[in-house]
Amino acid sequence: MAVRRWPHSGPPPDPAELSSGPLLWLVPAPEAGAPLDVSVLDEGERARVAALRRPAERALYAAAHTAPRRLLGGCLGMAAAQVPLTRLACSALPCPGCGGPHGRPAVAGPPGEELHFSLSHSGGPALLAFAARPVGVDIERVPGGRDGPDAAASLHTLEQAELAALPPVYRPAASARCWTRKEACLKATGAGISEVSPRTLRPGTGPLPARSLAWALMDLRSRRAMRRPARCARRLRRGTAGPPGRRPVRCASTGSRGRR
């Protein structure tokens, strides 16, 4: 699966292309000193940009959230700032912390039934996916050796056993594979880590993801410039099988996670 690079050049994406699978874009982190453009963001997104302390974080958030609006606007034939976005409720109960919905982001109204998207960023480049059915993407930095044991304790018991059987040097990469797969699936459903325990979802830690009857889970080959593994999960039509996964490029950078 090819990953296109943002800024998008050429005509807007044709929704008909989505019938053959998700379309993916890599949104690089803006260069230091680049002007901050929030012209197409809504009030809530602008408030989020203003609340971020570091200029690099503000620039990345603005770029990562501008890209889907411009691409969606091209698909829908409207101005990027006018694209109506919402969050789909993932359950009948609101968030106990803020009372708001925390489902996956979506285009509001009838267009959102045929055009789905997902966004992920993790302190560097962002990954964006469009699909004809619910889709989730996740891009993460590979954790350092000290982060491995804590993350492993939250995995499925069989995944914990898989990691324990590996030599210690291979565990951080295997753990990162597993977590990005889980988060891509949870973002596709809109459930999130807070509502669905990662112990109940088992995409596996090996080079190839485990197959699911409901989802096609794909490992994406990261460019060396990304230095991160990436995953994409999309809803399958009933009765179809998922495509084979791909081995990600080995990564070595460390850092914190970031989500939409």
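In these legends, a residue is called buried when its relative accessible area is under 20%, exposed when that area is over 50%, and partly exposed in between (1.4 Å probe, protein chains only). The structure is a predicted model, in which local features need pLDDT of at least 70 and side-chain atom pairs count only at pLDDT 80 or more, while totals for chains, interfaces and linings use all residues. Residues are numbered from 1 along each chain as its sequence is written, and side-chain values use heavy atoms, with hydrogens and water left out.

**View 1. Trp 25 and Phe 130, both buried, form an aromatic pair.** Strands (E, at least two residues) and helices (H or I, at least four) are DSSP runs, numbered from the N terminus.

**View 2. Phe 117 and Phe 130 form an aromatic pair that is also edge-to-face.** Their ring centres are 6.4 Å apart, and the angle between the planes is 65°. Phe 117 lies in strand E5 (residues 116-121) and Phe 130 in strand E6, so the pair ties together parts that are 13 residues apart in sequence. Phe 117 is buried, with a relative accessible area of 1%, and Phe 130 is buried with a relative accessible area of 1%. Trp 25, Phe 117 and Phe 130 form one aromatic cluster.

**View 3. The largest nonpolar core has 19 residues.** Such a core is a set of buried Ala, Val, Leu, Ile, Met, Phe, Trp, Tyr and Cys residues joined through side-chain atoms within 4.5 Å. Leu 72, Leu 128 and Phe 130 have the most contacts inside this core. At least two of its residues come from each of E2, helix H2 (55-76), E5 and E6, and the largest share, six residues, comes from H2.

**View 4. Glu 159 lies in helix H4 (residues 157-164).** Glu 159 counts as buried, at 0% relative accessibility. Leaving aside neighbours within four places in sequence, Glu 159 is in contact (heavy atoms within 4.5 Å) with Cys 178, Lys 182, Leu 201, Arg 202, Pro 203, Gly 204 and Thr 205.

Key:
Phe/Tyr/Trp six-rings, centres within 6.5 Å; stacked < 30°, edge-to-face > 60°.
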